[in-house]
Amino acid sequence: MKIKHSEKVITKANNLLMMNYEAEKIYLDAHDIVDDDNLKSFFRELAFERNEFVRALRRETINLGEKPKSFEGLNKLSRAYYIFWKNLRPLLKENNTSELIGQICSMKEWGIDNYNDLLQEFNLSLSLCKLLVEQRDLLHYKMNSLKVRETLEV
């Protein structure tokens with residue numbers, strides 16, 4: 001028997017979908033701007049990770065009997081991601097790795113906060129809860145890895 005999920009849970013899940021879709025878009029755009037092969041690879045990996053998050057969240061939303069929103073063809077970023085992109089873009093052209101990593105960590109921290117917000121909702125299915133924890137923890141792990149790498153390079 002499937003439990004009917006509250007509109008609040010579905011709205012927050014769709015917001016996570018959009019957040020991950022937008023992050024993927026920013027990382028792909030960043031990949032196209034940078035010249036350094038290591039940074040290109042780095043941004044391709046980040047975009048792939050977010051694409052996997054989107055696919056898993058969409059699949060889980062469908063499994064819950066809900067219809068996920070589609071963000072394909074989204075031309076305009078949300079306000080939060082527009083600000084991240086506005087701050088990130090000049091750093092890409094300067095190859096300022098330290099500040100670049102700082103901006104990426106800020107994006108990841110904001111993402112973690114959004115995951116935590118949904119995880120605090122009541123009546124989440126076990127499968128959705130596990131997926132959210134797994135994705136949130138991966139964001140946290142990668143963010144900490146970036147911070148450690150940046151510290152070691154200084």
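In which hand, left or right, does α1 cross α3? The crossing is right-handed. Keep in mind as you look that this is a predicted model.

Now for the geometry of that pair. Helix α1 covers residues 7-33 and helix α3 covers residues 79-94, and their axes lie 11 Å apart at an angle of about 15°. An angle under 35 degrees counts as roughly parallel, so α1 is described as roughly parallel to α3.

Which residues bring the two helices into contact? From α1 come Met19, Glu22, Ala23, Ile26, Asp29, Ala30 and Ile33, and they meet Tyr81, Trp85, Leu88, Arg89, Leu92 and Lys93 of α3. If you follow the numbering along each helix, a general rule is handy: an α-helix has 3.6 residues a turn, so residues three or four places apart point the same way.

Next, turn to helix α4, which runs through residues 97-119. Its 23 residues reach 32 Å from the first C-alpha to the last, close to the 33 Å expected at 1.5 Å a residue. The buried residues of α4 include Leu100, Ile101, Ile104, Met107, Ile112, Tyr115, Leu118 and Leu119. Gln103 and Lys108 are also among the buried residues of this helix.

Finally, step back to the whole chain. There are 5 helices and 0 strands, giving the order α-α-α-α-α from the N terminus on. Of the 154 residues, 44% are buried. Among contacts with a separation of 6 or more, 76% join residues 24 or more positions apart.

Terms used. Residues numbered from 1 in each chain as written. Predicted model: local features only at pLDDT ≥ 70, side-chain atom pairs only at ≥ 80, totals over all residues. Heavy atoms only, no water. Axes fitted to C-alpha atoms, helices over the stretch in contact; angles between N-to-C directions. Helix = DSSP H or I, 4+ residues; strand = E, 2+ residues; numbered from the N terminus. Parallel < 35°, antiparallel > 145°, perpendicular 65-115°, else oblique. Left-handed = near helix turned anticlockwise from the far one by under 90°. Contact = heavy atoms within 4.5 Å. Expected span 1.5 Å × (residues − 1). Buried < 20%, exposed > 50% of the residue type's maximum accessible area, 1.4 Å probe, protein only.
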